[in-house]
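This report describes the fold of one protein, with attention to a sheet, the helices on it and the residues packed between them. Please keep the sequence and the structure in view while reading.

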Amino acid sequence: MTTKPPAMPLESMEALALPVLNAIQNPVIMLNSDGYVVFANWEAEAFFGASATHLSRYVIEALIPFGSPLLALIEQVRERRAPVNEYRVDLSSPRLGSDKLVDIYVAPVLTTPGAVVVVFQERSMADKIDRQLTHRAAARSVSGLASMLAHEIKNPLSGIRGAAQLLETSVGEEDRSLTQLICDETDRIVSLVDRMEVFSDERPVDRMPINIHVVLDRVKAIAQAGFARDIKFVENYDPSLPPVYANRDQLVQVFLNLVKNAAEAIGNKPDGEIVLSTAYRPGIRLSVAGTREKISLPLEFCVHDNGPGVPQDLVPHLFDPFITTKTNGSGLGLALVAKIIGAHGGIVECDSQTNRTTFRVLMPVSTDTADNARNDEQAG
């Protein structure tokens, strides 16, 4: 006959529950009957950008967007005393940041009338990866368009430009401005087609283990010598970062494009600042199309600026071809960034709000580094 173990004291149960809740990789909060936050695990503190002590001063309405569906879910759970799920709820706000798309689970605390537990499952990373696949498909469409344009447009344009130059020798001074206009516009169209032809270049590039900090230092030197000479740069680097397996010139092109975008967004702002940061973020894995393989993307490289931010309706389409906020922009710069990073097996994303925009590049480590890490794990 087995003896029943003695009941655990309530204080001991609470002490045991706390590390368990903090170990959960989803934000978890508990609200009392008045809607105040009486508990928040570590993930919830990161999600709301405040400590549990700070959060306890607020009702849930003050922490989420006005009129959020979450409020109705909480009331529904209190009335029915039964849990509910809601999927793809948008909690984006200046406080929580952009792209805060979450699945929500709300359950009653049966021992405490009116209290509920709310669990958030962030959807942003999965959706951003899906969006990257869409960007790659769009880039492939541009590749086909570029090949067609090179043949169907550039050749006739060269004839038009040649004809305009011949006309220039036989017209009066007052008409030469028109022939010059024809030449300038044909040159502009040819330049645009040349930029698009980059998308159709599928030749393999030489890659090797690259120190990303050497790349970023090069980009910073170019920027400070030209378009960003009046902007303050801040470096927030992880010196222990392993190398990335990439083409150095293409990475310089990517980050030069991102830094130039940041500088143009800042404009003449007197306290303009660009922050370059690197970090190791394990846990993000991307499925390889057509295989069962998953690639780890632990290397995070960011370009932050304190410009006015990107209009929220443009953020989901920012890496699509021909999308731009610039008056004279072609909308191909960020599309090219997405193509290059995608060809390297990584992803690029943008988080933007007023006075804070971040372009984040996630990439795999060098294959040699990854193999060494796996060997070390097996040896251990």
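## The β13-β14 hairpin

Strands β13 and β14 form a hairpin with two residues between them, and Asn 355 in the turn has a positive phi of about 65°. Helices (H or I, at least four residues) and strands (E, at least two) are DSSP runs, numbered from the N terminus. The model is predicted: local features need pLDDT of at least 70 and side-chain atom pairs count only at pLDDT 80 or more, while totals for chains, interfaces and linings use all residues. Residues are numbered from 1 along each chain as its sequence is written, and side-chain values use heavy atoms, with hydrogens and water left out.

Seven bridges pair β13 with β14 (residues 356-363) in the antiparallel sense; two strands pair if DSSP finds at least two bridges between them. Along this pairing, Gln 353 has Arg 356 of β14 as its bridge partner, Asp 351 stands opposite Thr 358, and Val 348 stands opposite Val 361. Six of the seven residues of β13 are buried, so this strand is largely enclosed by the rest of the structure. Strand β14 is mostly covered, with seven of its eight residues buried. Buried means under 20% relative accessible area, exposed over 50%, and partly exposed in between (1.4 Å probe, protein chains only).

## The sheet and its helices

Contact means heavy atoms within 4.5 Å.

## Nonpolar cores

A nonpolar core is a set of buried Ala, Val, Leu, Ile, Met, Phe, Trp, Tyr and Cys residues joined through side-chain atoms within 4.5 Å. The largest has 41 residues, and those with the most contacts inside it are Leu 251, Phe 255, Leu 258, Ile 274 and Phe 301. At least two of its residues come from each of α8 (212-224), β8 (244-246), α9, β9, β12, α10, β13 and β14. Helix α9 supplies the largest share, nine residues.

Beyond its neighbours within four places in sequence, Phe 301 is in contact with residues including Ile 212, Val 244, Phe 255, Phe 359 and Val 361. A second, separate core of 26 residues includes Ile 29, Ala 50, Ile 60 and Leu 73.

## A buried loop serine

Ser 93 lies in the loop between β3 (84-90) and β4 (101-108). Ser 93 counts as buried because its relative accessibility is 16%. The side chain of Ser 93 reaches the backbone nitrogen of Leu 96 at 3.1 Å.

## The protein as a whole

There are 11 helices and 14 strands in the protein. Of its 380 residues, 39% count as buried. Among contacts between residues at least 6 apart in sequence, 64% join residues at least 24 apart.

Terms used
Polar contact = N/O pair within 3.5 Å; in protein donor to acceptor, adjacent residues only side chain to side chain.
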